[in-house]
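Reader: Hi! I'm new to reading protein structures, and I'd like to work through one with you. Could you show it to me?

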Amino acid sequence: MALRHAVLAALLEGEFSGYQLAKVFDVSVANFWHALPQQLYAELAKLEKEGLVAGRQVVQETRPNKRLFHVTDAGRAVLEEFAAAAAKPSVIRDDLLVKVQTADLIGTRPVIEQLEARALAAEAKIELLDSLLRRMRGDADEAEFLRSGERIGGYLTCLRGVAFEQGHRDWCLRTAAVLRARLTGGKDGDS
């Protein structure tokens, strides 16, 4: 997947300025795609040049003017092609895993600290995603919402984000506990 697909998908939700799009990414897209605001602004400019999004100027009296973007028919066609194409398998690419792999050879304590910090960050993300899920489904329970909710794509990707963060948190805590036990059990893990 390219950033363009994530931007086009986010713009299907409505018309957004670059700033608003960055906020949407922070809340709903960040659990599966990370982009810096500068990257989003650059991608919007490319997409507009290619005719995949269209922008319009909104004049504001008390604030600077802003541009709002929406997906064009051509952009929708690109997303339909993308959705129909076979998805590539997911891969893990994480510098923390390299550190864990070498922990018993280069030092354990800093790796344990990083694992525990990651577990805390994952827990915070789980809480954020859980509150987003509750907001999306409103008064409906999850089974009812999944059966008859108006739009469930964002909900389903958010569920995947929760599962990912839970698995990541649990792995970090377990790995930190194993390394700590080895360290305090007389093994020289701080070489």
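Predicted model: local features only at pLDDT ≥ 70, side-chain atom pairs only at ≥ 80, totals over all residues.

Reader: Is Glu-43 buried or exposed?
Author: A residue counts as buried when its relative accessible area is under 20%. Glu-43 has a relative accessible area of 8%, so Glu-43 is buried.

Reader: Which element gives the most residues to the largest nonpolar core?
Author: This core has 22 residues, and among those that touch the most other members are Val-7, Leu-8 and Leu-11. Elements giving two or more residues to the core include helix H1 (3–11), helix H2 (18–29) and helix H3 (37–49). With six residues, the one that gives the most is H1.

Reader: How many residues of H1 are buried?
Author: Leu-3, His-5, Ala-6, Val-7, Leu-8, Ala-10 and Leu-11 are the buried residues of H1. This helix is mostly covered, and out of its nine residues the buried ones number seven.

Reader: How many Å apart in space are Leu-3 and Leu-40, C-alpha to C-alpha?
Author: Leu-3 sits in helix H1, and its relative accessible area of 14% makes it buried. Along the sequence Leu-3 and Leu-40 are 37 residues apart, yet in space their C-alpha atoms are separated by 8.2 Å.

Reader: Are the rings of Phe-145 and Tyr-155 stacked, edge-to-face or tilted?
Author: The structure holds one aromatic pair. Planes under 30 degrees apart count as stacked and those over 60 as edge-to-face, with the rest called tilted. The rings of Phe-145 and Tyr-155 have centres 4.8 Å apart and planes at 50 degrees, so the pair is tilted.

Reader: How accessible is Tyr-155?
Author: Phe-145 is in helix H7 (residues 142–148) and Tyr-155 is in helix H8, so their pair ties together parts 10 residues apart in sequence. Phe-145 counts as buried at 8% relative accessibility. Tyr-155 counts as buried too, with a relative accessibility of 0%.

Reader: Which residue meets Arg-67 in a salt bridge?
Author: Side chains of opposite charge can pair when their charged atoms come close. Arg-67 is in strand E2, and its partner, 19 residues apart, is in helix H3. The N to O distance is 2.3 Å, and the partner is Glu-48.

Reader: How many residues apart in sequence are Arg-180 and Glu-116?
Author: The side chains of Arg-180 and Glu-116 form a salt bridge of 2.2 Å, N to O. Arg-180 belongs to helix H8 and Glu-116 to helix H6, so the bridge ties together parts whose separation in sequence is 64 residues.

Reader: Which residues make the nonpolar surface patch of about 290 Å²?
Author: One member, Trp-171, is found in helix H8 (residues 153–184). Trp-171 has a relative accessible area of 32%, so it is partly exposed. Altogether, the patch is made by Ile-92, Leu-97 and Trp-171.

Key:
Residues numbered from 1 in each chain as written. Heavy atoms only, no water. Core = buried A, V, L, I, M, F, W, Y, C linked by side-chain atoms within 4.5 Å. Buried < 20%, exposed > 50% of the residue type's maximum accessible area, 1.4 Å probe, protein only. Helix = DSSP H or I, 4+ residues; strand = E, 2+ residues; numbered from the N terminus. Patch = residues over 30% accessible without salt bridge, like charges linked within 9 Å, V, L, I, M, F, W, Y side chains within 5 Å. Areas by Shrake-Rupley, 256 points an atom, 1.4 Å probe, with all protein chains shown as cover. Salt bridge = Lys/Arg side-chain N within 4 Å of Asp/Glu carboxyl O. Phe/Tyr/Trp six-rings, centres within 6.5 Å; stacked < 30°, edge-to-face > 60°.
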